[in-house]
Amino acid sequence: SLKNFDFAFIKRGDGHWSYSILAYRSHEASNKAKDYMVFILDKSGATKTIKRTKWGSYVRLVAKEEDFVTDLEFDDEEMK
């Protein structure tokens with residue numbers, strides 16, 4: 001789950017994706033349907049607010065380094 005200051009890709013109105021930072025995430029305990037996230041999209045400070053119902057379509061998590069296999073080890077026997 002995203003926390004404030006985490007990075008994500010956000011779908012823009014023109015269909016392109018922007019690398020953005022989560023500035024604020026609401027937590028409406030009484031009504032989760034009202035939850036939303038506010039992302040900062042660029043250097044000028046442009047923001048986009050995304051309601052919970054749109055998170056699946058408009059927000060993509062950034063893969064973390066540990067999500068990738070970086071150290072593959074092979075036996076000499078496997079290489080033959």
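The questions below go from the fold to single residues.

Guide: This is a predicted model, in which local features need pLDDT of at least 70, side-chain atom pairs count only at pLDDT 80 or more, and totals for chains, interfaces and linings use all residues. Residues are numbered from 1 along each chain as its sequence is written, and side-chain values use heavy atoms, with hydrogens and water left out.

Visitor: Which pattern does the protein follow along the sequence?
Guide: Helices (H or I, at least four residues) and strands (E, at least two) are DSSP runs, numbered from the N terminus. Read along the sequence, they give β-β-β-β-α-β.

Visitor: What is the order of the strands in the open sheet?
Guide: Two strands count as paired if DSSP finds at least two bridges between them. The pairing in this sheet of five strands is antiparallel, and the order is S4-S3-S2-S1-S5.

Visitor: Which strands are the edge strands?
Guide: An edge strand here pairs on one side only. Neighbouring strands of the sheet are turned by 45 degrees against each other on average, direction ignored; the axes are lines fitted to C-alpha atoms, for helices over the stretch in contact, and angles run from 0 to 180 degrees between N-to-C directions. The edges are S4 and S5 (59–61).

Visitor: How many bridges join S1 to S2?
Guide: S1 covers residues 7–11 and S2 residues 17–25, and the two run antiparallel. Phe-7 stands opposite Ile-21 of S2. In the hairpin, five residues lie between the strands, and Gly-15 takes a positive phi near 95 degrees. The number of bridges between S1 and S2 is five.

Visitor: Which residue in S3 stands opposite Tyr-24?
Guide: S3 spans residues 36–40 and pairs with S2 in the antiparallel sense over four bridges. In S3, the residue opposite Tyr-24 is Val-38.

Visitor: What is the bridge partner of Phe-9 in S5?
Guide: S1 and S5 pair in the antiparallel sense over three bridges. The partner of Phe-9 in S5 is Arg-60.

Visitor: Which residue forms a salt bridge with Asp-35?
Guide: A salt bridge is a side-chain nitrogen of Lys or Arg within 4 Å of a carboxyl oxygen of Asp or Glu, and the structure holds one. The closest N and O atoms of this pair are 3.1 Å apart, and the partner of Asp-35 is Arg-52.

Visitor: How many residues apart in sequence are the parts that Asp-35 and Arg-52 tie together?
Guide: Asp-35 lies in the loop between S2 and S3, and Arg-52 in the loop between S4 (47–51) and H1 (55–58), so the pair ties together parts that are 17 residues apart.

Visitor: Is Asp-35 buried or exposed?
Guide: Buried means under 20% relative accessible area, exposed over 50%, and partly exposed in between (1.4 Å probe, protein chains only). Arg-52 is partly exposed at 33%. Asp-35 has a relative accessible area of 5%, so Asp-35 is buried.

Visitor: What is the area of the nonpolar surface patch?
Guide: Patches are made of residues with over 30% relative accessible area and no salt bridge; like charges are joined within 9 Å, nonpolar side chains (Val, Leu, Ile, Met, Phe, Trp, Tyr) within 5 Å. S1 and S2 each supply at least two residues of the patch. Areas come from the Shrake-Rupley method with a 1.4 Å probe; for residues, only the protein chains shown count as cover. Phe-7, Phe-9, Trp-17 and Tyr-19 make a patch of about 410 Å².
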